[in-house]
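Open the model in a viewer and keep the sequence panel beside it. The tour below goes from one selection to the next and says what is found at each stop.

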Amino acid sequence: MNKAQFTGTIPQELITLKSLKILLLHDNKFSGTIPRLPATLQTLTAHKNQLRGTLSLADMGELETLTLFKNQFKGALELRSACCGLQASRKEGPARCACL
């Protein structure tokens, strides 16, 4: 779904896709917050949208790659994941990662 100029919010129903591993949402016009996502997700690219709010990664132990730059997040982004190999990218400010 990348570069398709989608608008609106990211569907909450994505949590029901139990085998979802890669979600490419970058270069669109999604707004609002990022909903809870499946624990199986390994890659999430959501950069270059209009997203805001917080993102909980507590249940996303498979997540390896996360890109969120060029959105409307405010302050430091707290990233907590069971996966210590998470590669976080946030060009607007610091991303703090902690292994649980």
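**The core.** This is a predicted model. Begin with the largest nonpolar core, a set of 19 residues. Select Leu23, Ile34, Leu37 and Leu44, the members with the most contacts inside that core. As a rule, nonpolar side chains tend to be buried together in soluble globular proteins.

Which residues does Leu37 contact, leaving aside its neighbours within four places in sequence? Show Leu14, Ile15, Leu23, Leu44 and Met60 around Leu37 to see them. Leu23 and Leu44 in that set are also among the core residues with the most contacts.

**The sheet.** Switch to a cartoon view and colour the 3 strands that form an open sheet, in the order E1-E3-E5. The pairing in this sheet is parallel. Its edges are strand E1 (7-8) and strand E5 (50-51), each of which pairs on one side only. In general, the strands of a sheet pair through backbone hydrogen bonds.

Go next to strand E3, residues 29-32. Toward E1, the two strands are joined in the parallel sense over 2 bridges.

**Thr43.** Move to strand E4, residues 43-45, where Thr43 lies. Is Thr43 buried or exposed? Its relative accessibility is 18%, so Thr43 counts as buried, the cut-off for that class being under 20%. Display the residues that Thr43 touches, not counting those up to four places away in sequence: Lys21, Ile22, Leu23, Leu63 and Thr65. One of these, Leu23, was already selected in the core.

**The salt bridge.** The last stop is the 1 salt bridge that the structure holds. Select Lys48 and Asp27, whose side chains meet at 3.9 Å, N to O. This pair links distant parts of the chain, 21 residues apart. Lys48 sits in the loop between E4 and E5, while Asp27 sits in the loop between strand E2 (22-24) and E3. Side chains of opposite charge can pair when their charged atoms come close.

Asp27, at 19% relative accessibility, counts as buried.

Methods. Residues are numbered from 1 along each chain as its sequence is written. This is a predicted model: local features need pLDDT of at least 70, side-chain atom pairs count only at pLDDT 80 or more; totals for chains, interfaces and linings use all residues. Side-chain values use heavy atoms; hydrogens and water are left out. Two strands pair if DSSP finds at least two bridges between them. Helices (H or I, at least four residues) and strands (E, at least two) are DSSP runs, numbered from the N terminus. A nonpolar core is a set of buried Ala, Val, Leu, Ile, Met, Phe, Trp, Tyr and Cys residues joined through side-chain atoms within 4.5 Å. Buried means under 20% relative accessible area, exposed over 50%, partly exposed in between (1.4 Å probe, protein chains only). Contact means heavy atoms within 4.5 Å. A salt bridge is a side-chain nitrogen of Lys or Arg within 4 Å of a carboxyl oxygen of Asp or Glu.
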